[in-house]
Amino acid sequence: MMQVERLVVFEFRSGPQPERRSADRRHRGGWKASGELPKGVTMASKKLLGMLNDAIAGELQVSLQYMWQHVQWKGTKHFAVKDEFEKIGIEEMKHSEAIAERLFYLGGIPTTKPEPITVGSSLKEMLTADVKAEEKTVKMYKEVIALATKEGDLTTAHLFTEILADEEGHHDTFQSLLEEI
Ligand SMILES: [Fe+2]
Ligand SMILES: [Fe+2]
């Protein structure tokens, strides 16, 4: 009886290791080295890859823009909202990571260059620039979703649909704060 128990334990420990999670392999892009796409893998057009890189440049811009607006606070009203800038800045950095992972999977190289950053000096200047940035992003992400859907890249369309909801929330926050000044 004891021997059977020991055998069971041994088999459990020496058995096959659990398969790595698909997420670990998803972004390695090993197939790119061979130049051969496995059947069923999504192909993206150059236009779509370019739009993903434009999206990354915009995300890098606003992640820095909002973080520096968080740092450079002045006065009571700005003090009250400075943490909101930090929170949204971090969300934008996570967006840039998610889009870069998708772009890399599709065979592109993520840009390191942000779009021009507008920090502003007064709170009103900052929020005006931020509303403008979010409006531009919302418009562009709708175009990405439309093109990705047209190309059958449902994963990219889904990713941008999720991010778009965040961007609409950011726009709403900045617009509401701007109206209160
Ligand atoms: Fe974003
Ligand atoms: Fe945003």
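Helix H6 (residues 123-150) and helix H7 (residues 154-180) have axes that come within 9 Å and cross at roughly 160 degrees. That makes H6 and H7 roughly antiparallel to each other, a label used for angles over 145 degrees. Keep in mind that this is a predicted model: local features need pLDDT of at least 70, side-chain atom pairs count only at pLDDT 80 or more, and totals for chains, interfaces and linings use all residues. Residues are numbered from 1 along each chain as its sequence is written, while chains are lettered from A and ligands numbered from 1 in the order in which they are written.

**Confidence**
- The protein chain has a mean pLDDT of 86, with 77% of its residues at 70 or more; pLDDT is the predictor's confidence in each residue, from 0 to 100.
- Residues 1-27 are the part to treat with care: pLDDT is below 50 there, and the stretch has five contacts in the model beyond near neighbours in sequence (a contact means C-beta atoms, placed from the backbone, within 7 Å).

**Overall make-up**
- You'll find seven helices and zero strands in the protein chain; helices are DSSP runs (H or I) of at least four residues, and strands are E runs of at least two.
- Of the 181 residues, 25% are buried, meaning 20 or more other C-beta atoms lie within 10 Å of the residue's own.
- Among contacts between residues at least 6 apart in sequence, 76% join residues at least 24 apart.

**H6 against H7**
- The H6 and H7 crossing is left-handed, that is, the near helix is turned anticlockwise from the far one by less than a right angle.
- Their contact residues split into 14 nonpolar, eight polar and six charged (Ala, Val, Leu, Ile, Met, Phe, Trp, Tyr, Cys and Pro are nonpolar; Asp, Glu, Lys and Arg are charged; the others, Gly among them, are polar).
- Ala 146 sits in H6 and is exposed, with 12 other C-beta atoms within 10 Å; the exposed label covers 12 or fewer.
- From Ala 146 to Ala 157 is eleven residues in sequence and 7.5 Å in space, C-alpha to C-alpha.

**H5 against H7**
- Helix H5 (residues 75-105) also pairs with H7: the axes come within 11 Å and cross at roughly 165 degrees, so H5 and H7 are roughly antiparallel to each other.
- The crossing of H5 and H7 is left-handed.
- Residues in H5 including Val 81, Ile 88 and His 95 meet a set in H7 including Leu 159, Ile 163 and His 170.
- By class, the H5 and H7 contact has six nonpolar, four polar and four charged residues.

Key:
Two residues are in contact if their C-beta atoms, placed from the backbone, lie within 7 Å. Axes are lines fitted to C-alpha atoms, for helices over the stretch in contact, and angles run from 0 to 180 degrees between N-to-C directions. Angles under 35 degrees count as roughly parallel, over 145 as roughly antiparallel, 65 to 115 as roughly perpendicular and the rest as oblique.
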